[in-house]
Amino acid sequence: MKIPDGVKEIMMANPNIGRYQLSKEAGISESDARFYAKLFKEQNGKTVIKRGIAIGDIHFPDHDEASIRIFFDFLKDFEPDYLLLTGDQMDMGCISGFNKAKPKLTEGKRLKREYRGFQRGILDPIMDISPDSKKYFFIGNHEYRTNRLIEQSPQYEGFIEVENNLDLESYTVVPFNECINLGEMYFIHGDYYNKYHSEKNVRVYGKHIFNWHCHTNQIFTMHSPINRLPRQGVSIGCMCNKNPDYKRNKPNNWVHQFMYFYMYGNGQFSYYTPIIVNNRVVINDKLYEA
Ligand SMILES: [Fe+2]
């Protein structure tokens with residue numbers, strides 16, 4: 001199968017062009033643009049750059065709606081090959097051990113309703129916008145609350161876990177505290193919560209590692225020989241309400257943030273971590289606002 005010369009030229013100049021832009025520039029339909037983009041990737045093998053996007057700490061239903069809308073808008077433009085939900089997608093406050101003896105804090109909250117809301121509000125739109133990306137669903141400490149509940153009350157086993165309540169057929173589920181890699185990038189929800197958690201992660205794992213969990217942005221770069229890829233621990237912010245009930249207006253260092261990356265054929269990468277401030281962010285000269 002041959003890609004028309006004019007279309008190929010456009011993609012050679014910009015291998016990461018999205019299908020909307022390609023259809024506009026080449027004067028072809030969006031479905032043809034998608035087809036040729038896929039073919040171009042296959043024919044160019046290892047030299048082609050893969051795109052990925054990762055968000056975590058959504059804490060649905062205590063999420064930040066504006067940040068999520070911005071994320072969806074960017075996702076439409078970006079068309080990633082990889083999409084990672086890096087843990088604490090759901091808050092699961094109604095089964096939290098911290099709320100056990102405080103019924104007022106869980107008043108009206110139901111796990112079933114939260115699962116339904118998350119499926120409709122987050123997973124379904126992701127599937128609509130990015131049906132073909134390779135997807136990962138990390139179990140964060142908040143999703144792990146279902147396991148803790150089952151440890152206390154084993155009769156719930158099989159009923160309350162995420163796998164039994166969400167449509168995760170297109171996702172690889174990453175167990176709690178497990179790390180995955182894409183090329184030379186490593187990803188973990190995160191467990192360390194100390195002041196220098198990024199340093200701790202890069203030293204413990206010995207890899208270039210991205211973590212969530214702390215809801216803030218922090219980077220620690222290790223020494224490395226000249227011209228080698230620097231090894232960093234990178235902590236990425238959250239997509240949740242920055243003032244949940246239990247914080248009681250206490251100042252914190254949380255930021256609304258996600259990350260996206262380009263991975264080269266040899267596993268090396270470039271990554272970007274836009275921070276959303278007051279419901280807006282500019283990425284690649286485009287204003288995303290909610
Ligand atoms: Fe979290």
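Domain bounds here come from an automatic or database domain assignment.

**Entry 1: domains.** I am working with a predicted model. I looked up how the chain is divided. The assignment gives domain 1 as residues 1-47 and domain 2 as residues 49-289. I then checked the spacing.

**Entry 2: overall form.** I looked up the secondary structure and found seven helices and 15 strands. Next I took the box around the C-alpha atoms. Along the principal axes, the box is roughly 70 × 45 × 35 Å. Does the radius of gyration agree or disagree with a compact globule? It agrees, because a compact globule of 290 residues would have a value near 19 Å and the protein has 20 Å.

**Entry 3: burial and contacts.** I looked up burial: 33% of the 290 residues are buried. I also looked at contacts between residues at least 6 apart in sequence. Of these, 63% join residues at least 24 apart.

Entry 4: In soluble globular proteins, nonpolar side chains tend to be buried together. I looked for such groups here. The largest nonpolar core has 50 residues, and A54, F71, F210, M239 and F258 touch the most other members. Helix α4 (residues 65-78) gives this core its largest share, six residues. Beyond its neighbours within four places in sequence, F258 contacts I53, A54, I55, F71, I236, M239 and P274. I also found a second, separate core of six residues, with V7, L22, Y36 and A37 among them.

Technical notes: Residues numbered from 1 in each chain as written. Predicted model: local features only at pLDDT ≥ 70, side-chain atom pairs only at ≥ 80, totals over all residues. Helix = DSSP H or I, 4+ residues; strand = E, 2+ residues; numbered from the N terminus. Rg over C-alpha atoms; globule rule 2.2 N^0.38 Å. Buried ≥ 20, exposed ≤ 12 C-beta atoms within 10 Å, placed from the backbone. Contact = placed C-beta atoms within 7 Å. Core = buried A, V, L, I, M, F, W, Y, C linked by C-beta atoms within 7 Å.
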